[in-house]
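My notes follow the model as I looked it up.

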Amino acid sequence: MLQSFLKMPLKIFSAGIALTGCCCSCRSSLPPADQPPPETVTFYTCHVLEKFPHDPEAFTQGLAVYDGSLYEGTGLRGASSIRKVALETGAVLQIQKLPDAYFGEGIAVQNGRLVQLTWKSQVGFVYEKDSFERVRDFNYLGEGWGLTHDGERFIMSDGTARLRFLDINTLETVGEIYVRYGDEPVRYLNELEYIDGYIYANIWRKDRIAIINPQSGYVEGWVDMAGLLTAQERRNADVLNGIAYDEEDSRIFVTGKRWPKLFEIELVEERQEAYPVVRDMGNTK
Ligand SMILES: [Ca+2]
């Protein structure tokens with residue numbers, strides 16, 4: 001089922017994305033939908049293919065695969081870092097710690113650069129991928145949560161139902177979508193991953209991943225992620241947070257904050273349902 005899902009055609013971003021200024025704190029309400037909803041929503045469960053060790057001290061805020069290597073960003077003031085991690089052993093191969101003033105958030109690796117957000121400092125950092133040398137800072141308004149890219153733009157979450165698109169070179173905000181399920185905003189979008197034309201977002205404090213159409217903002221699928229950790233493993237673990245996609249081998253990895261394990265998973269389609277009614281259609285014709 002996963003394979004058929006992954007073969008869905010890549011949807012190109014349309015000009016329907018509103019190009020507005022950004023102010024996440026004052027844009028928490030959901031604007032009217034500007035595109036018709038899909039006919040169905042698909043519910044998936046998660047099947048574990050492999051388990052790998054994960055640093056139980058890592059407060060995971062970002063997870064990405066680039067050129068076959070696993071990269072991770074961690075948070076908390078005084079413990080924030082970027083890391084290159086050995087998948088099979090969980091060993092930290094390379095690490096760059098952040099100054100204590102910063103709380104690290106999402107990361108994305110693109111074209112030899114590793115980009116990292118911070119939570120409330122309104123600044124992001126760009127590192128050279130191999131040396132972890134910090135080569136550039138950039139600014140944004142509001143909070144920084146998750147980060148990924150689609151090859152054309154970075155995609156950023158900020159804890160609300162809004163996702164921002166950042167210019168792949170300048171890192172300036174160039175667009176946004178509001179994420180909705182029916183008429184309901186989907187808030188607390190956290191760590192992100194772009195997988196075969198869709199944005200995957202784990203929802204803060206939920207064992208759920210939303211599969212988001214990047215063109216419309218509609219959640220078209222939900223993945224139930226409950227039950228990955230045993231009760232024993234849950235004892236010291238925090239929430240699910242971290243999705244990474246190895247595009248070359250079509251492998252999906254997930255982990256969480258202070259989770260002792262990292263999982264390679266596949267999605268198993270459970271059922272489809274008619275899409276919730278969307279009443280607030282704005283100017284859609
Ligand atoms: Ca990710």
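I began with a term that I need below: two strands count as paired if DSSP finds at least two bridges between them. I also note at the outset that this is a predicted model.

Overall make-up. I looked up the secondary structure of the protein, and it comes to two helices and 22 strands. Of the 285 residues in the protein, 43% are buried. I then turned to the contacts between residues at least 6 apart in sequence, and 56% of these join residues at least 24 apart.

Confidence. The mean pLDDT of the protein is 90, with 89% of the residues at 70 or more. Residues 1-28 have a pLDDT below 50, although this stretch has 45 contacts in the model beyond near neighbours in sequence. Where pLDDT is low, the predicted coordinates should not be read in detail.

Strand E1. Which strands pair with E1, and in what sense? I found that strand E1 (residues 40-53) pairs with strand E22 (residues 261-274) in the antiparallel sense, over 13 bridges. Within this pairing, Thr45 has Val268 of E22 as its bridge partner. E1 is also joined to strand E19 (residues 219-224), here by four bridges and with the two strands running parallel. I looked up two positions in the pairing with E19: Thr42 has Gly221 as its bridge partner, and Tyr44 stands opposite Val223.

I next followed E19 to strand E18 (residues 208-212), to which five bridges join it in an antiparallel arrangement. Ile212 is bridged to Val219 in E19, while Arg208 has Asp224 in E19 as its bridge partner. E18 and E19 form a hairpin with six residues between them, and in the turn Gly217 has a positive phi of about 85 degrees.

On the other pairing of E18, four bridges join this strand to strand E17 (residues 198-203), again with an antiparallel run. The bridge partner of Ala201 is Ala210 in E18. E17 and E18 likewise form a hairpin, with four residues between them, and Arg205 in the turn has a positive phi of about 65 degrees.

Why is E18 largely enclosed by the rest of the structure? I checked burial along the strand and found that four of its five residues are buried, so E18 is largely enclosed by the rest of the structure.

The sheet of E2 to E5. Last, I looked up an open sheet of four strands, whose order is E2-E3-E4-E5 and whose pairing is antiparallel. Its edge strands are E2 (60-66) and E5 (92-97), each of which pairs on one side only. With direction ignored, neighbouring strands of this sheet are turned by 20 degrees against each other on average.

Definitions and conventions. Residues are numbered from 1 along each chain as its sequence is written. This is a predicted model: local features need pLDDT of at least 70, side-chain atom pairs count only at pLDDT 80 or more; totals for chains, interfaces and linings use all residues. Axes are lines fitted to C-alpha atoms, for helices over the stretch in contact, and angles run from 0 to 180 degrees between N-to-C directions. pLDDT is the predictor's confidence in each residue, from 0 to 100. Two residues are in contact if their C-beta atoms, placed from the backbone, lie within 7 Å. A residue is buried if 20 or more other C-beta atoms lie within 10 Å of its own, exposed if 12 or fewer, and partly exposed in between; C-beta atoms are placed from the backbone.
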